[in-house]
Each structure stands twice: as structure tokens, then as C-alpha cells.
Amino acid sequence: MSAPELHSSIVALVSLASGIASKHPDMGLCQLDKLRNMGVADEQIASVIEIARHIRDEAARKLDTAFDTAADILQPSAKPAIDSTSSEPRNEAGGGCCASTVSGQRCC
């Protein structure tokens with residue numbers, strides 16, 4: 001049994017988001033025209049961009065923290081317990097939790 005095919009606008013949104021989150025050199029820019037031609041609202045595109053950037057930036061912070069911990073660069077008392085862009089505690093174990101975006105959108 002095959003899975004149902006995704007609508008082309010969903011594929012374009014996923015491609016845009018993954019390009020941004022993965023720091024792909026093209027950043028999903030080719031998807032913008034496709035999405036606009038399909039009638040996807042700029043507000044929806046902006047939301048996807050915000051979430052993708054948030055995930056990308058959160059991943060970078062977690063990698064930096066893990067590296068600093070492994071390299072013992074920061075003193076234990078200097079290590080932040082709270083994400084600098086959120087009031088939610090960090091999930092230092094690297095689990096699936098994530099904080100809201102700046103505008104309050106949940107990414108998970």
C-alpha cells in the first residue's frame with residue numbers, strides 16, 4: 001500500500017524549511033516563487049521561515065553547549081540553564097523538546 005501523495009504546496013513548504021534549517025546554500029529560495037504562484041499566503045510562508053530559523057538556531061546552540069561541555073571551556077557556574085531566547089529550560093540531554101519562536105509559535 002503506497003502513501004498518499006503530498007500536495008505540492010506542502011512539499012514546497014517542507015523544502016523551504018529544510019533548506020533554511022540545514023543551512024543549504026540555496027536556502028530554499030527557489031521554493032518562494034512556487035509557493036507564491038500556488039497562492040500560499042506570505043504570512044504562512046513567514047511562519048515556516050521563522051520556525052525553520054528557530055530550529056536551525058536552537059540546534060546550533062545545543063551543539064555549541066555540548067562542545068563547550070565536552071571541551072570544559074566554560075566554568076560550570078557560567079553555563080546558562082535557560083535558553084537566551086526563551087524562558088523555558090533547556091533540554092540538555094538533547095531530547096525532542098524545543099522552545100517557542102520569538103513570535104510565540106511552537107515548533108514541536
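Analyst: Start with a salt bridge. Asp42 pairs with Arg36, and their closest N and O atoms lie 3.2 Å apart. This is a predicted model, so the distance is a computed value. Side chains of opposite charge can pair when their charged atoms come close. The cut-off here is 4 Å between a side-chain nitrogen of Lys or Arg and a carboxyl oxygen of Asp or Glu.

How covered are the partners? Asp42 has 45% relative accessibility, so Asp42 counts as partly exposed. Arg36 also has 45% relative accessibility, so Arg36 counts as partly exposed. Partly exposed is the range between buried, under 20%, and exposed, over 50%.

How many salt bridges are there by this rule? The count is two. Arg56 forms a salt bridge with Asp57, with the closest N and O atoms 2.9 Å apart. Arg56 is partly exposed, because its relative accessibility is 23%. Asp57 has a relative accessible area of 33%, so Asp57 is partly exposed.

Now place the first pair.

Next, the length of H1. The helix has 14 residues, 8-21, and at 1.5 Å a residue it should span 20 Å. Its end C-alpha atoms are 20 Å apart, which agrees. Just after H1, Lys23 takes a positive phi of about 60°.

Leu6, Ile10, Val11 and Val14 make a nonpolar patch of about 340 Å². Ile10 sits in H1. With 39% relative accessibility, Ile10 counts as partly exposed.

Finally, step back to the whole chain. The protein chain has three helices and zero strands. Along the sequence, the pattern is α-α-α. Of the 108 residues, 23% are buried. The accessible surface comes to about 7500 Å², and carbon and sulfur atoms hold 59% of that area. Among contacts with a separation of 6 or more, 49% join residues 24 or more positions apart.

Notes. Residues numbered from 1 in each chain as written. Predicted model: local features only at pLDDT ≥ 70, side-chain atom pairs only at ≥ 80, totals over all residues. Heavy atoms only, no water. Helix = DSSP H or I, 4+ residues; strand = E, 2+ residues; numbered from the N terminus. Expected span 1.5 Å × (residues − 1). Patch = residues over 30% accessible without salt bridge, like charges linked within 9 Å, V, L, I, M, F, W, Y side chains within 5 Å. Areas by Shrake-Rupley, 256 points an atom, 1.4 Å probe, with all protein chains shown as cover. Buried < 20%, exposed > 50% of the residue type's maximum accessible area, 1.4 Å probe, protein only. Contact = heavy atoms within 4.5 Å.
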